[in-house]
Amino acid sequence: MMDWTDRHCRAFHRQLSREALLYTEMVTTGAVIHGDREHLLGFSDCEHPIACQLGGSDPKDMATCAKIVADWGYDEVNINVGCPSDRVQSGSFGACLMQEPEVVAACVSAMKAEVSIPVTVKCRIGVDEQDPEPALDAMADAVFAAGCDALWVHARKAWLKGLSPKENRDIPPLDYDRVRRLKARYPDRFIGINGGIQTLDEAEAFLPDLDGVMLGRAAYHTPQILGEADRRLYGRDVEDVSPWQAVEAYLPYVEDQLSKGVKLARMTRHMLGLFHGRPGARSWRRILTVEAIRPDAGIEVIQQALAAVRPMDLMGEEAGSAA
């Protein structure tokens, strides 16, 4: 989710779900130690609960960054053992660490010694020619022995050579049953699942067997599904959040960020899929895409887009009721 789940995206998604744990983009240890931390780690109070995802493989550096992350106010720190890009391979972290579970375990142990917030891992079921049965067991055995608080599993292999990061999200087949078998080995450990889950119906189907479901691109491209998550996935006695309610709730944040010099388009780009599948969705996307890039664009652009989609959606509902 690099370049997607930035602070503005997370603040928007929080208006749809109060319960969902939100993740940052992956940040590398080198960037955290030497870079602009406000740019890399800054977030708004409204985003809690929030996890920071780190990329790295040196236990000392990972521990240093975990301490920085905890001091910054994050609720969880997560180790990325799933990204297959060339960049992470050259840095010997991400999915290539599936071949070195003892290194990941050393990172977990060092991080746990420095922070009191949960330290979690997100991995694949294997890479390249690895057999997912022993490969995933080896990773789980190592990190849980080191004190890992939760293991999130992207239920497909990563091919480090021959497939692009995009192809690695689609081409290797999903094996959800492999994750279920891992949970059977570790009934008392938190094991969550990720990969190819598009709807809340699909997400709900995993919860009898597993402890959590991670939504990535589905939550980004069709964020309106998050408006039902608190009721359906967390069992909260609450009303679902409609797309219109989410937009109205997001406006004060947008106004605050505009006053700090943030350009409107940096925020509205995360909202384009909100009305996906509803009448007027095209108008919503067009107005936000075209008008938000103006140098002086303000919340009136969002209000204009909302006005364009609301009447069309209501007319569509009325037509459906009459039918």
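How many helices and strands are there in the protein chain?

1. Secondary structure. The protein chain holds 16 helices and seven strands; these are DSSP runs numbered from the N terminus, with helices being H or I of at least four residues and strands E of at least two. This is a predicted model, in which local features need pLDDT of at least 70 and side-chain atom pairs count only at pLDDT 80 or more, while totals for chains, interfaces and linings use all residues. Residues are numbered from 1 along each chain as its sequence is written, and side-chain values use heavy atoms, with hydrogens and water left out.

2. Overall dimensions. The C-alpha trace spans about 60 × 45 × 40 Å along its principal axes.

3. Of the 323 residues in the protein chain, 50% are buried (buried means under 20% relative accessible area, exposed over 50%, partly exposed in between, with a 1.4 Å probe and protein chains only). Among contacts with a separation of 6 or more, 71% are between residues 24 or more positions apart; contact means heavy atoms within 4.5 Å.

4. Aromatic pairs. The whole structure contains eight aromatic pairs. Rings of Phe, Tyr and Trp (its six-membered ring) pair if their centres lie within 6.5 Å; planes under 30 degrees apart count as stacked, over 60 as edge-to-face and the rest as tilted. The pair of F43 and Y74 is tilted, because the ring centres are 4.6 Å apart and the planes stand at 55 degrees. F43 lies in the loop between α3 (37–41) and β2 (50–55), and Y74 in the loop between α4 (59–72) and β3 (76–81), so the pair ties together parts that are 31 residues apart in sequence. F43 is buried at a relative accessible area of 14%, and Y74 is buried at 3%. Elsewhere, ring pairs link F12, Y250 and Y253 into a cluster.

5. Residue S164. S164 is located in the loop between β5 (150–154) and α8 (165–168). Its relative accessible area of 29% makes S164 partly exposed. The C-alpha atoms of S164 and T120 are separated by 26 Å, the two residues being 44 residues apart along the chain.
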